[in-house]
Each structure stands twice: as C-alpha cells, then as structure tokens.
Amino acid sequence: MVGGNQVGAARAVGIITLVVTAVLGTAYLLGRSLVPEATRTDTAVTATGADHPEYADQSAPIDAEPDATRAPDTGSDGSQRTDEQGQDPNFGPMGTRVSTGDAGVALTFDDGPHPDYTPQVLAILRDYHVTATFCVVGKNAQAYPWLVEQIVAEGHTLCNHSWDHDVALGARSIEWIRADLMRTSEAIRAAVPDAPIAWYRQPGGAWTYSVISVSRDLGMAPLHWTLDPSDWRAPGATRIAASVLNGVRPGSIVLLHDAGGDRQGTVNSLYRILPELAGRFDVQALPPRGL
C-alpha cells in the first residue's frame, strides 16, 4: 500500500510540473509578443564586386539626393533634360558629368580590361579610327597590365572604376573609399606610370557625396553617363546597337562594357554602331586630363 501511494504521488508531481511548464511558456511567448523589436541602426552592405564575379550590374541613374537640391532629371533613355530654371545639362546626379559638353559623342567601356573582349574592342575601334574611354577595375588592371598599356598606347582615355567593382563603396568610410581608389590608380600606373587618370566612375552609378568628395580630392572628376543601352544584361548585338543608335544625341556619353560577363554581344554590336555613329557625330574619347 505504501508503494502505491508513492507511485500516485510521483504521478501527481509530474502532472503539476507539466502544467506549470506550459503556463510559464505561454506567459513568456505572450510577453515577447508585447515587446517591440529593436530598430536597426547599422547599414548593411550587401552588394560588392568581390561577391559577384559577373559584376557588370549597372543600376539606373540615381534620381534623388539626400537634401533638397536635386540634380537635373534624365529621360527614359537616360538622356539629359534641363528644366525651366536652366540647369546645366552637362551635369547629372550629384554633380557628376553626363555630357561631353559639345556636339561630340563619347563611348565608355566599363569593368575591363578582359583578355578576350578588350583586344577585340580595341581592334574594332582602331579599324574605325575612333577613340574611347576605358573605366578599368583595379584588380583587372593588375592582372592584365599589357592591356592597360595598349589602351593608352592607342590613344584612349583611362578612368578609375574602383578596385573590385564594389557597388556599395560609396557607403563605406572615407578612409576605405580613399584606399580603394588609390589602390586602383596605383595598379593602373604600374602598367602606365605617366598616364593621367582624370575620371572616376562609381560602380552601378551608386553615387554618394563621400565617394564624389574623395574622387575629386584625388584629382578625378565623377563620370556618369547619358545613355545606358543595358548591354550588361547581354541582350544581343542587335538590341544593343539599336538602343545606342536610336538613343544617342549630341553630347551623349554612352555606357558599354568590355568585361564583367559575356561581352561578345557588345563587341559584335560595335560593327554596326561605329560606322553609323562616326558618320553622324565626332566620336572621341573624353579628354585624358578632364574637361
């Protein structure tokens, strides 16, 4: 009989323990639901060229600024518009350059150099007696210095395009930005010691006041674009050529790519773009020492 009482008592204790645990658990969950989540104050950096090997991910031009002073608007094709107050059409987002400043047209090639595509681009430009501006990525300049040397030797202009196409570079510290841009320029000058680097283009067009300030401190003007035919999406040579030829205007700065993915479509499009463009405009590289 004593054993039976002990078993019954043990069962009672077990049941009470389960009930108490359930009640406490319910109370905890209810309390958690009434507490507001803490607000995050950090800035998450989620997109960098180092994380994305095929990093030609140019975004649409920035159309808003953090203060009340807005840059001139751009049209649906990326071309510049002036408003009734007569804003300078040569400048776009945050004071970046978006026009050649005259009736000429400038072709720019981003993300190279690349051992497959850059030599083809250079050969076609040579055939049509056209010069262009090459916005080079630092680690690619370091890997293929002979291509940087060839770019300069054939009369083209150089532009700093960051070390590894870090789209979020502008959100980093001033010290980080400066080190990135200086490292890129050093890699370029290791190949061509005396070549001027008067231009800087921010990956993705993700401009911030910090990256603009640093680039200017280092003697480089921030270079945006007027016309983006989205060749970085690899839509094929026909669509790239049609987009450029239909959208180009006097003063246009055209965004193209010679690296960052499969750029054969861009290369092939040049066979249609260059003869027609050269027949309509003066197509030359941006001045190597800036405007």
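Buried means under 20% relative accessible area, exposed over 50%, and partly exposed in between, with a 1.4 Å probe and protein chains only. Of the 291 residues of the protein, 45% count as buried.

The structure you have open is a predicted model, in which local features need pLDDT of at least 70 and side-chain atom pairs count only at pLDDT 80 or more, while totals for chains, interfaces and linings use all residues. Residues are numbered from 1 along each chain as its sequence is written, and side-chain values use heavy atoms, with hydrogens and water left out.

**Stop 1: the whole chain**

Start with a cartoon view. You will find eight helices and six strands; these are DSSP runs, helices being H or I with at least four residues and strands E with at least two, numbered from the N terminus. Read from that end, the elements run α-β-α-β-α-α-β-α-β-α-β-α-β-α. Contact here means heavy atoms within 4.5 Å. Among contacts between residues at least 6 apart in sequence, 75% join residues at least 24 apart.

**Stop 2**

Now select the strands. All six form an open sheet in the order S5-S4-S3-S2-S1-S6, with parallel pairing. Two strands pair if DSSP finds at least two bridges between them. At the edges are S5 (221-222) and S6 (253-257), each of which pairs on one side only.

Next, zoom in on S1 (106-110). Three bridges join S1 to the parallel strand S2 (residues 133-136), and here Asp110 stands opposite Cys135 in S2. Five bridges join S1 to S6, again running parallel; look for Ala106, whose bridge partner in S6 is Ile253.

**Stop 2: helix H7**

Select H7 (residues 237-247), where Ile240, Ala241, Val244, Leu245 and Gly247 are buried. What covers the buried residues of H7? Their cover includes S6 and helix H8 (264-280).

**Stop 3: the nonpolar cores**

In soluble globular proteins, nonpolar side chains tend to be buried together. A nonpolar core is a set of buried Ala, Val, Leu, Ile, Met, Phe, Trp, Tyr and Cys residues joined through side-chain atoms within 4.5 Å. The largest one here has 48 residues, and those with the most contacts inside it are Leu107, Phe109, Phe134 and Leu277. A second, separate core of 10 residues includes Ala198, Trp199, Leu255 and Leu286.

**Stop 5**

Move to the loop between S1 and H2 (117-127), where Pro113 lies. The peptide bond from Gly112 to Pro113 is cis, with omega near 0°. Asp111 is buried, with a relative accessible area of 0%.

Then select His165, in the loop between S3 (157-160) and H5 (174-191). His165 also has a positive phi, about 60°, and is not a glycine; at 0% relative accessibility, His165 counts as buried.

**Stop 6**

Select Asn160 in strand S3. Buried or exposed? Asn160 counts as buried because its relative accessibility is 0%. Its side chain reaches the backbone nitrogen of Ser162 at 2.9 Å. Not counting residues up to four places away in sequence, Asn160 touches residues including Val136, Leu181, Trp199, Arg201 and Met220.

Finish at Pro287, in the segment after H8. Pro287 counts as partly exposed, at 29% relative accessibility. Beyond its neighbours within four places in sequence, Pro287 is in contact with Thr157 and Trp199. The C-alpha atoms of Pro287 and Leu158 are separated by 9.5 Å, though the two residues are 129 apart along the chain.

Notes:
Polar contact = N/O pair within 3.5 Å; in protein donor to acceptor, adjacent residues only side chain to side chain.
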